[in-house]
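Please read this briefing with the sequence and the 3D structure side by side.

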Amino acid sequence: MTDEELLQKCIDKDRAAWNEFVRRFSSLVTRSVRYKLNRMDRHLSKNETLDIVQEIFLLIWKKNKLRGVKNTACLKSWLAIVSINLSVNYCRRNVFKTAKNTLSLDENPLAGTSGMPLGFMIPSSKLNTAKTLRSNELSGILDKEISKLGYRQQLVLKLNIYHGKKQKDIAEIMNIPTGTVATLIRRAKDKLRKNLGNALEIE
Amino acid sequence: MRRICPSEEILSEYISGVLAEEDRTEVEKHLAGCAACRELLVETHDIISRPDIHEIKNRISRWIRKNQWLIGAAAAFTLSFVFSEHFLQFLTACIIMGAKWAVDAKTAKILIMIYEAWKCGDRDKADKILSRIDGTEH
């Protein structure tokens, strides 16, 4: 059965087709959930990950979300996006559950004693240092200058600088040739260099 | 003014390259200014472009399970040369496991079916099986 036939049968609420759909795409959904949890630095047990995967499939089935997928070519990316979003929702919901086991920075970790709050005990290398202020100031200027570029140059440059994506990846994301990406990046960087002078050196 | 983020469907159509040109422009304008959507897009690309390690692992383990007797026979055959004092024992194990693999294999099962059908005189059934094999092979 092709993905298109499977999708249509699932939309028509065919149980057997739905079982096949789950079998065919559970690996992708599990991978997406694991990936997002790792990115969020949330290390859940195997059972909890499985719970999220089941919840995702249940939601797709109950709300018949597959109706929104008009083209089977984007089924995999759609499933990945839905899985990422629902994993984030799951973590947000469960933050309150885990919050009971955590300690506030304003609380005294040694309950019953007149010690200082936990926040004062943690040394910070970031706050109030001249380096951080300078860095924030520079990134502010950079953001302002980037926002003056055309939307395509902005997008390509942000994917390159902020998200660390290579030209090949950007070309795949935007579905444009790698040469076009290279040209857009080069022109954007030239403009930025011109506007910022030598204050910022962009790789 | 806060622009509304594109839906999951629109974003997936964008990354799959099936979105109409004018909609692409709108999405790109939004992406240029929305870090959250950009992040979502980058993550989606990471997921769909990387090989699925778990799927590869599953395929390898399925292949190993399917060909366990063949792997055993090959291992016994190799070991028969390494431990030459037990050459015959290993060679016997290799033959037994090789035979087990040959009998368990799908083609061997079909051949047995054809032979049995032919032995019973049911030539039509044998021809049907043969034509089915031809159909699958070509």
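A residue is called buried if 20 or more other C-beta atoms lie within 10 Å of its own, exposed if 12 or fewer do, and partly exposed in between, with the C-beta atoms placed from the backbone. By that definition, buried residues make up 23% of the 203 residues in chain A. This is a predicted model, in which local features need pLDDT of at least 70 and side-chain atom pairs count only at pLDDT 80 or more, whereas totals for chains, interfaces and linings use all residues. Residues are numbered from 1 along each chain as its sequence is written, while chains are lettered from A and ligands numbered from 1 in the order in which they are written.

**Overall build of chain A**

- Chain A has nine helices and zero strands, where helices (H or I, at least four residues) and strands (E, at least two) are DSSP runs numbered from the N terminus.
- Of the contacts in chain A with a separation of 6 or more, 52% join residues 24 or more positions apart; two residues are in contact if their C-beta atoms, placed from the backbone, lie within 7 Å.

**The nonpolar core**

- A nonpolar core is a set of buried Ala, Val, Leu, Ile, Met, Phe, Trp, Tyr and Cys residues joined through C-beta atoms within 7 Å, and the largest one here has 46 residues, with A:L79 and A:V156 having the most contacts inside it.
- Helix 4 of chain A (residues 75-99) provides the largest share of this core, namely nine residues.
- Apart from neighbours within four places in sequence, A:V156 is in contact with A:I170, A:V181, A:L184, A:I185 and A:A188.

**Helix 8 against helix 9 in chain A**

- The axes of helix 8 (residues 167-174) and helix 9 (residues 178-196) of chain A come within 8 Å and cross at roughly 110 degrees; axes are lines fitted to C-alpha atoms, for helices over the stretch in contact, and angles run from 0 to 180 degrees between N-to-C directions.
- Helix 8 and helix 9 of chain A are therefore roughly perpendicular to each other, given that angles of 65 to 115 degrees count as roughly perpendicular, under 35 as roughly parallel, over 145 as roughly antiparallel and the rest as oblique.
- On the side of helix 8 of chain A, the residues that meet helix 9 are A:Q167, A:K168, A:I170 and A:A171, and their partners in helix 9 are A:T178, A:V181, A:A182 and A:I185.

**Loop residues of chain A**

- A:K165 lies in the loop between helix 7 and helix 8 of chain A and is buried, because 22 other C-beta atoms are within 10 Å.
- Leaving aside neighbours within four places in sequence, A:K165 is in contact with A:L159, A:N160, A:I170 and B:V42.
- A:K166 is found in the loop between helix 7 (151-161) and helix 8 of chain A, but A:K166 is exposed, with 12 other C-beta atoms within 10 Å.
- A:D41, which is not a glycine, has a positive phi of about 60 degrees, and its place is in the loop between helix 2 (15-39) and helix 3 (46-62) of chain A.

**Where chain B touches chain A**

- The contact takes 27 residues from chain B and 31 residues from chain A.
- Helix 3 of chain B gives the largest share of the side of chain B that touches chain A, eleven residues.
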